[in-house]
Amino acid sequence: MAEFSIYDVLGPIMVGPSSSHTAGACRIAQVALKICGRDFKSVEFILHGSFAATYKGHGTDKALLGGIQGFDTYDDRIRYSFEYAEEAGIKYSFKTADLGEEYHPNTVKIVFHYDDRDEYVIGSSIGGGVMEIVNINGIALRFRGEFPVILLQYPEQKGVIAYVSSVLLSSNYNIESINTDKDTLKNIVTLTVEIDKNLAENLKPAIIGSDRFTFSKYVEV
């Protein structure tokens with residue numbers, strides 16, 4: 001049986017008519033900003049499924065634009081996020097597309113354009129204001145953005161989970177969740193570890209800086 005928190009049942013304090021279409025969307029954009037960084041030159045929102053069909057009427061566009069400006073779900077500025085974006089000189093666009101059957105109907109792909117690169121995050125609003133990040137720059141994963149998260153990718157090998165766990169446990173961290181996703185064709189594993197408090201600077205070289213990982217990222221949410 002799935003476990004639900006009181007947050008899942010009652011939903012968040014929020015601005016907007018729909019927890020799925022506004023609060024969840026705002027949280028996706030907030031976390032995407034923390035993953036990719038603020039120094040983007042423009043941002044593109046590609047809406048999928050019911051997000052694509054109803055994003056204007058349900059205020060999903062305002063929530064997404066508010067989220068990438070750092071507004072929280074209960075921030076009344078979300079109602080005026082277009083005006084705030086214009087004042088801040090933020091360049092943005094909204095598009096609709098079919099991202100694929102594997103994605104929840106309330107899904108958005110947020111593409112950040114920088115001077116030297118593009119980065120994207122795909123997130124799904126799964127109900128009650130709860131969201132999941134499901135892809136970062138083509139890497140499939142799954143986390144809700146409720147705790148600080150360590151994202152790691154590596155060729156399949158023994159001992160990786162034990163290694164990361166031992167580093168964290170030796171410094172008195174609790175692991176809130178740990179998940180793996182394996183690309184069987186490429187034999188690549190993506191490891192997602194949510195922890196109960198921010199990762200100390202002295203631990204980052206042992207995990208994020210380890211040469212056993214082909215991709216590593218730490219996100220405070």
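Q: Which strands each supply at least two residues of the lining of the largest pocket?
A: Rolling a probe the size of a water molecule over the atoms shows where empty space is left. Here the strands are S4 (118-127), S5 (130-136), S6 (139-143), S8 (175-183) and S9 (188-195). Strands (E, at least two residues) and helices (H or I, at least four) are DSSP runs, numbered from the N terminus. A pocket is an open set of points on a 1 Å grid over the protein atoms alone, where a 1.4 Å probe fits, with protein on both sides within 12 Å along at least five of seven lines; lining residues have an atom within 4 Å of a point. This is a predicted model: local features need pLDDT of at least 70, side-chain atom pairs count only at 80 or more, and totals for chains, interfaces and linings use all residues. Residues are numbered from 1 along each chain as its sequence is written, and side-chain values use heavy atoms, without hydrogens and water.

Q: What is the volume of the largest pocket?
A: About 260 Å³. Of its 16 lining residues, Val134, Ala140, Leu141, Arg142 and Asp181 are the closest to the centre.

Q: Which residues have the most contacts inside the largest nonpolar core?
A: In soluble globular proteins, nonpolar side chains tend to be buried together. This core has 37 residues, and Ile35, Ile68, Ile110, Phe112, Ile133 and Phe143 have the most contacts inside it. A core joins buried Ala, Val, Leu, Ile, Met, Phe, Trp, Tyr and Cys residues through side-chain atoms within 4.5 Å; buried means under 20% relative accessible area (1.4 Å probe, protein chains only), exposed over 50%, partly exposed in between. Two or more residues come from each of helix H2 (19-36), strand S1 (42-48), helix H4 (60-67), strand S3 (107-113), S5, S6 and strand S7 (149-155). H2 gives the most, with 9 residues. Apart from this core lies another, of 17 residues, among them Val167, Val193, Leu203 and Ile207.

Q: Where is Tyr55 placed?
A: Tyr55 sits in the loop between helix H3 (49-54) and H4. Tyr55 counts as buried because its relative accessibility is 13%. Beyond its neighbours within four places in sequence, Tyr55 is in contact (heavy atoms within 4.5 Å) with Leu47, Ser50, Thr60, Asp61, Phe94 and Thr96. Tyr55 and Phe94 are 39 residues apart in sequence, and 9.6 Å apart C-alpha to C-alpha. H4 is mostly covered, with 7 of its 8 residues buried.

Q: Where does pLDDT stay under 50?
A: Where pLDDT is low, the predicted coordinates should not be read in detail. pLDDT is the predictor's confidence in each residue, from 0 to 100. Residues 1-17 stay under 50. The chain averages 90, and 90% of the residues score at least 70.

Notes:
Points joined across faces, edges and corners; volume = space filled by probe spheres on them.
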